[in-house]
Amino acid sequence: ASRYLTHRGRLPANVWEAYRTLRASLTGAGPKGGFPRRILVTSAIPGEAKTMTSVNLAITLALSGVKVILIDADLRRPMIATVFGAAARSNGFGLLLLGNATPELALLDAPGTPNLQLLLSNPEHAHLVDLLQHERLEAVLEQLGDYADVVVIDSPPLTEVADALPLADVADTVLVAVRLGRSRRDKLDELRRALAQRGVSPAGFVVTTRKRAKKKTYGYSYQN
């Protein structure tokens, strides 16, 4: 799945069209009729194509000409560096949480995709999940606001990593990845309740499925 990310910066045709639809659905949801400034992508359980949803959404937004930062906030199981074939040379997200770096030092240009920068995490620093506190996160996102029009946050599955729930507090829009044939209704209900307790309502669901064809591809749709 990472070949087109690093070589061409464009999505396969079927995925591209679905993500253009998702991008259009988000238009007008932000300030002055633009995109939301902070978009959180999460799921109820692992294995629901959450990270690929975050990645593909970030690329689609960047290809429209807006400046995008993609944050790997899944501190225990970061995958964005692997997807892009990028070396996690530093724990950029963790360094910003700690206040030990500036965005210039922490951000990495995404291979093959203009207008997109990455803020990576390193699994050796999973303990930094304790720093996912509202004030720290708000401070980091305020800094990043000077470098991007939209920040896409790849969150851990929030029913599995409850200490990451403050990520939802600082997002303008929350999208939930749901995989056909895998998602569990009880876990989705648990996620809804957890978000509702914080006054957060998901803006929509990105339904993911792996279709069987000559080549394995991802198919996506967007539902309010």
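## Briefing: burial, helix faces and cavities in a predicted model

At 1% relative accessibility, Val206 counts as buried (buried means under 20% relative accessible area, exposed over 50%, and partly exposed in between, with a 1.4 Å probe and protein chains only). The structure is a predicted model, in which local features need pLDDT of at least 70 and side-chain atom pairs count only at pLDDT 80 or more, while totals for chains, interfaces and linings use all residues. Residues are numbered from 1 along each chain as its sequence is written, and side-chain values use heavy atoms, with hydrogens and water left out.

**Overall organisation**

- The chain contains 9 helices and 8 strands (DSSP runs numbered from the N terminus, with H or I over at least four residues for helices and E over at least two for strands).
- Of the 224 residues of the chain, 54% count as buried.
- Among contacts in the chain with a separation of 6 or more, 76% join residues 24 or more positions apart (contact means heavy atoms within 4.5 Å).

**Val206 and Ser43**

- Val206 belongs to strand 7, which comprises residues 204-211, whereas Ser43 lies in strand 1.
- With a relative accessible area of 1%, Ser43 is buried.
- Although 163 residues separate Val206 and Ser43 in sequence, their C-alpha atoms are 9.6 Å apart in space.
- Leaving aside residues up to four places away in sequence, Ser43 touches Glu48, Lys50, Pro157, Leu158, Val176, Ala177 and Leu191.

**Helix 9**

- The 12 residues of helix 9 (residues 185-196) should span 16 Å at 1.5 Å a residue, and the C-alpha atoms at its ends are 16 Å apart, which agrees (the expected span is 1.5 Å times one less than the number of residues).
- Lys187, Leu188, Leu191, Ala194 and Leu195 are the buried residues of helix 9. Viewed down the axis of helix 9, its buried residues fall within an arc of 125°, so they line one face of the helix (the arc is that of the directions from the helix axis to the C-beta atoms).
- Turned away from that buried side, the opposite face of helix 9 carries the exposed residues Arg185, Arg193 and Ala196.
- The cover over the buried residues of helix 9 includes strand 1 (38-43), helix 8 (166-169) and strand 6 (173-179).

- Helix 2 (residues 13-26) has 14 residues and reaches 20 Å from its first C-alpha to its last, close to the 20 Å expected at 1.5 Å a residue.
- The buried residues of helix 2 comprise Val15, Trp16, Ala18, Tyr19, Leu22, Arg23 and Leu26. These residues cover an arc of only 165° around the axis, which puts them on the same side of helix 2.
- Thr60 is placed in helix 3 (residues 50-63), and at 0% relative accessibility Thr60 counts as buried.
- Thr60 and Thr113 lie 53 residues apart in sequence, with 9.7 Å between their C-alpha atoms in space.

- A search of the whole structure finds 2 cavities of 30 Å³ or more. On a 1 Å grid over the protein atoms alone, a cavity is a set of points where a 1.4 Å probe fits but cannot get out, and lining residues have an atom within 4 Å of a point. Grid points are joined across faces, edges and corners, and a volume is the space filled by probe spheres set on the points.
- The largest cavity holds about 40 Å³ of space and is lined by Ile71, Ala73, Phe93, Leu137, Val140, Leu141, Ile153 and Leu167.
- This lining has 8 nonpolar, no polar and no charged residues (Ala, Val, Leu, Ile, Met, Phe, Trp, Tyr, Cys and Pro count as nonpolar, Asp, Glu, Lys and Arg as charged, and the others, Gly among them, as polar).
- Helix 7 (residues 134-144) gives the most to the lining of the largest cavity, with 3 residues.
- In helix 7, the buried residues are Leu137, Val140, Leu141 and Leu144. They cover an arc of only 95° around the axis, which puts them on the same side of helix 7.

**The second largest cavity**

- About 30 Å³ of space lies in the second largest cavity, whose lining consists of Val176, Leu188, Leu191, Arg192, Leu195, Pro202 and Phe205.
- Helix 9 gives the most to this lining, with 4 residues.
- By class, the lining of the second largest cavity has 6 nonpolar, no polar and 1 charged.

Technical notes: On a 1 Å grid over the protein atoms alone, a cavity is a set of points where a 1.4 Å probe fits but cannot get out, and a pocket is an open set with protein on both sides within 12 Å along at least five of seven lines; lining residues have an atom within 4 Å of a point.
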